[in-house]
Amino acid sequence: MLFAAVIALGVLSGAGCRSMIEMRLMNEAERSVPKPLTLSELYTEQGGYCFPGFTWGQNFSDFQRLTDFAVTDLEGYTENGETVYTAGDLHRTIFGRENDSGNVGILDDEIVDFVSIGFQTPETPDENTLSIAELSSKMQEELVRLFREPDETVTHSDTVNNVVYTMRTSFWRKEVNGRVTELQWGTATAAGMEDPSFASLGVAFSFPEGETNQ
């Protein structure tokens, strides 16, 4: 009887482990399925420009629960003292094009202060997938239609991995609840190239100059 009980315990334990493994695989599979990002939901009258469903002032744990985003890697730190994480599980589609990367920035008190998703030209372009140039054209047109002309557009050059890029970024801003909320759409075009190789869509908030979170 004791021997039978030990065997039964082993079978049950094995079944439990198998179920946990299956659950993990299912969760990872679900995270890898991209979800459409509705551009109009990047803005609300109550919260300004923000990631859909999220509210500025919530913390990193809130954001992970909302988006089912798992922390995959620490990317680094900014000059402003933000901690930046790679958002590998933040899969979204815009005009049918899935993002290739993502980042989330948090302040010292674990408050999320920016979210961005990035797009890049694949090594083997797919004729059925929007190029970065096509995506940028459609994005700029749709963002202007939804939110008016940008408050500011900045162009400058920068060197990344020994390649000189022309960076062009449009900014839409709205001050709400004592915060300056911001929507950004930017592209990076390598020197000598006509079409951009990279693009990024982001939302962020900051406090008006001279003010803090205290």
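Leaving aside neighbours within four places in sequence, which residues is leucine 143 in contact with?

Modeller: The model is predicted. Leaving aside its neighbours within four places in sequence, leucine 143 is in contact with Leu39, Arg148, Trp172, Leu183, Trp185 and Leu201. Leu143, Leu183, Trp185 and Leu201 are also among the residues with the most contacts inside the largest nonpolar core. Phe63, Val104 and Val112 are on that list as well, and the core has 35 residues. Two or more of these residues come from each of α2 (60-67), β8, β9, α3 (132-147), β12 and β13. The most come from α3, which gives five. In soluble globular proteins, nonpolar side chains tend to be buried together.

The structure holds two cavities of 30 Å³ or more, and the largest cavity contains about 60 Å³. Leu201, a contact of leucine 143, lines this cavity. By class, the lining has seven nonpolar residues, two polar and no charged.

The largest pocket holds about 690 Å³ of space. Its lining has 29 residues, and those closest to the pocket centre are Ser116, Met167, Gly186, Ala199 and Ser200. At least two lining residues of the pocket come from each of β8 (101-106), β9, β10 (152-160), β11 (163-176), β12 (179-190) and β13. The pocket lining divides into 15 nonpolar, 13 polar and one charged residues.

Methods:
Residues numbered from 1 in each chain as written. Predicted model: local features only at pLDDT ≥ 70, side-chain atom pairs only at ≥ 80, totals over all residues. Heavy atoms only, no water. 1 Å grid on protein atoms, 1.4 Å probe; cavity = no way out; pocket = protein on both sides within 12 Å on 5 of 7 lines; lining within 4 Å. Points joined across faces, edges and corners; volume = space filled by probe spheres on them. Nonpolar A, V, L, I, M, F, W, Y, C, P; charged D, E, K, R; others polar. Helix = DSSP H or I, 4+ residues; strand = E, 2+ residues; numbered from the N terminus. Core = buried A, V, L, I, M, F, W, Y, C linked by side-chain atoms within 4.5 Å. Buried < 20%, exposed > 50% of the residue type's maximum accessible area, 1.4 Å probe, protein only. Contact = heavy atoms within 4.5 Å.
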